[in-house]
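Please look through the structure below together with its sequence. The paragraphs after it go through the parts step by step.

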Amino acid sequence: MKRAVFRNRWLPYLLVLPQVVVTLVFFFWPAFGSLRLSLYRSSPFGDRLIFAGLDNFTRLLGSADYLQSVVNSFVFAFAVTFGGLAVSLGLAVLANQKIRGLALYRTALLWPYGIAPAVAGIIWLFVFHPAYGVLPFVLSLVTSVRFNWLLEGWVAMLLIVTAAVWKQLGYNIAFFLAGLQAIPGSVLEAAQVDGADPVRRFWRVVFPLLSPVTFFLFVLNVVFAFFETFGLVHAVTQGGPGRATEILVYKAYNDGFVNQQLGTSAAQSVILMVVVTGLTMLQFRYAEKRVTY
Amino acid sequence: MIVEGGYTALPQVPVDVGAKVARPARRRRGGSRWWVHAGLIAAIALIAFPLYYAFAISTQSLAEVTSVPPRLTPSWHLWANYVAAWHKARLGRLLLNSLVMATGIAVGKIAISILSAFAIVYFDFRGKQVVFWMIFVTLMLPVPVRIMSTYEVISTLGWIDTYWGLTVPLIASATATFLFRQFFQTVPDSLAEAAQLDGAGPLRFLWSFLLPLSWTNVAALFVILFIYGWNEYLWPLMITNSEEMRTVVIGIEKLVPRGGGEIPEWNVIMAVAMMALLPPVAVILFMQRWFVKGLIETEK
């Protein structure tokens, strides 16, 4: 730990003041607001709040719609995380071969990171467009499956999963590449000398060495899928068809902003707060363990 | 995104992925690598296809867009579609708003994070731990987690439909603060002592010594935060009511027809999408070095 060098009674407070003010006003105040609001419900005319205890929570957990959005969120997060990590690990391994033009390939793989989830969604929406899109057209040549995301829940889910995975590719590849390049060549050579074939070398040597990066990306992709894909759902499927793509964050927004059920929405916010706290803890506990061994 | 996407504890990954890693060349059978190139090129083509397709659509007339089988090649209506997009979506204004929001958030986060990291590393003061934890806890309070009550706070302040509302509430940053704290801790104490001997006060030291050293960190962080700010969706959706104050990412959704009745102008929508994604993607391509550094150091 570095020792403090400067002495001043008020300057340090002045320096942290802007950050502390923003944190208090825009993070803590609203967070406590959510906690408080989650214990109230609106009166029938919506003009005042009535204390409701834990009613909002018990009602939520008993509501089929809410449970459906829990399931949706998990299916979505699972597909985005595993699909995304598998594809990007494969591509990172390919790009990590010692070949010419690596820099060019890397650039060509990174750029989707810059695209907003909502914009990625709009682009894929057209690829999936039931009447004009190229994908349903190609599929209609080979199969008679009804591939219409406006009608079929699973197609809509596939649409947002695809867009999310696509958008996250650059991010995941950047980390996997960094992790792969950190593996000393001597380790691989030793394995090669021992006669391990490339596939065995990958699973026995490379993959275990890569596990911290994989775990880190796993947590980050789950966080992404849960908390950063609101725009994707809002811009593309709006939770539909039916409730097939209504994920937790979208439902919290919809119940609060559109349906004006403040208490219910706040209770959902509180549950989400618990989820994100858990994920953060997981991330930090693991990182600490690694640092100290 | 979770705050600015910020988790700070990351596995140890080398930062400079941009540099060629110096490794002894391994013996290999010549010419056996063509399949790697082929695989990569195929993957890249597949990844780029949706973007290409969207671009092609943005150059077609509506009749071409709705033709069956789908037309995959660009046509001659690029200019007409982009002009239509510019007027229909009021793109000039939307792009300006996005630019203000992205720049404001990036500059704001960096500025207040440098100040607080400086205070935390170079001063001993009562309540330092509390401040540190307060900043840390913001990681657990991303926008989606405080939707309704944040809106209340912003409207209490009268910041709905203002640039203040679009930027200031998002500029607290645990990630950036931790990053600068970490960096300041690697700066040798002797530098501050030497500066003091020269009669430089703390602010002078920060400005003339520490900031010039932090430049690459600032640049890397700026790229990442700019992209974050540009692509933010839920926040501007909540904070803006008037068309005047919308950002371009929100503007697209408003063009997508819901329910039917209207004829969807997909060529115009794709033109708007192209304009919305061009700035952040250009930033990645042209500032790739900083981008990768920023990505790995702040993880996002």
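Of the 300 residues of chain B, 50% count as buried. The model is a predicted one. The secondary structure of chain B consists of 14 helices and zero strands. Read from the N terminus on, the elements of chain B therefore run α-α-α-α-α-α-α-α-α-α-α-α-α-α, where each α stands for a helix as defined by DSSP runs. Contacts along the chain can also be sorted by sequence distance. Among contacts in chain B between residues at least 6 apart in sequence, 79% join residues at least 24 apart.

Next comes the division of chain B into domains. Domain 1 covers residues 34-76 and domain 2 covers residues 90-298. The C-alpha centres of these two domains of chain B are 33 Å apart. Eight residues from domain 1 of chain B and seven residues from domain 2 of chain B take part in the contact. Which elements give two or more residues to the side of domain 1 that touches domain 2 of chain B? They are helix H1 (34-57) and helix H2 (62-65) of chain B. H1(B) provides the largest share of that side, three residues. By type, the residues on the side of domain 1 of chain B that touches domain 2 of chain B are five nonpolar, three polar and no charged.

Chain B also meets chain A. In this contact, 94 residues of chain B touch 92 residues of chain A.

One pair of helices shows how the two chains meet. Helix H5 (residues 117-127) of chain A packs with helix H13 (residues 266-286) of chain B at an angle of about 145°, and their axes are 10 Å apart. The crossing of H5(A) and H13(B) is left-handed. On the H5(A) side, the residues in contact are A:Val119, A:Ile122, A:Ile123 and A:Phe126. On the H13(B) side, they are B:Trp266, B:Ile269, B:Met270, B:Ala273, B:Ala276 and B:Leu277. What types of residue make up this contact of H5(A) with H13(B)? They divide into ten nonpolar, no polar and no charged.

Two of these residues, A:Val119 and B:Ala273, come up again in the nonpolar core. The largest nonpolar core has 179 residues, and those that touch the most other members are A:Val119, B:Phe118, B:Val272 and B:Ala273. Helix H7 (residues 153-182) of chain A gives the most to this core, with 18 residues.

Helix H4 (residues 102-110) of chain A and H7(A) pack at an angle of about 140°, with their axes 8 Å apart. A:Arg106, A:Leu109 and A:Leu110 in H4(A) meet A:Leu169, A:Gly170, A:Ile173, A:Ala174 and A:Leu177 in H7(A). The residues of this contact are six nonpolar, one polar and one charged.

The peptide bond from B:Val68 to B:Pro69 is cis, with omega near 0°. B:Pro69 is in the loop between H2 and helix H3 (78-88) of chain B. In the loop between H3 and helix H4 (91-122) of chain B is B:Arg90. Phi of B:Arg90 is near 50°, a positive value in a residue other than glycine. Is B:Arg90 buried or partly exposed? B:Arg90 counts as partly exposed because it has 17 C-beta neighbours inside 10 Å, and a residue is buried only if it has 20 or more. B:Asp161 lies in the loop between helix H6 (147-157) and helix H7 (163-167) of chain B. B:Asp161 is not a glycine either, yet its phi is positive, about 65°. With 16 C-beta neighbours inside 10 Å, B:Asp161 also counts as partly exposed.

Terms used
Residues are numbered from 1 along each chain as its sequence is written. Chains are lettered from A and ligands numbered from 1 in the order in which they are written. This is a predicted model: local features need pLDDT of at least 70, side-chain atom pairs count only at pLDDT 80 or more; totals for chains, interfaces and linings use all residues. Domain bounds come from an automatic or database domain assignment. Two residues are in contact if their C-beta atoms, placed from the backbone, lie within 7 Å. Helices (H or I, at least four residues) and strands (E, at least two) are DSSP runs, numbered from the N terminus. Ala, Val, Leu, Ile, Met, Phe, Trp, Tyr, Cys and Pro count as nonpolar, Asp, Glu, Lys and Arg as charged, and the others, Gly among them, as polar. A nonpolar core is a set of buried Ala, Val, Leu, Ile, Met, Phe, Trp, Tyr and Cys residues joined through C-beta atoms within 7 Å. A residue is buried if 20 or more other C-beta atoms lie within 10 Å of its own, exposed if 12 or fewer, and partly exposed in between; C-beta atoms are placed from the backbone. Axes are lines fitted to C-alpha atoms, for helices over the stretch in contact, and angles run from 0 to 180 degrees between N-to-C directions. A crossing is left-handed if the near helix is turned anticlockwise from the far one by less than a right angle, and right-handed if clockwise.
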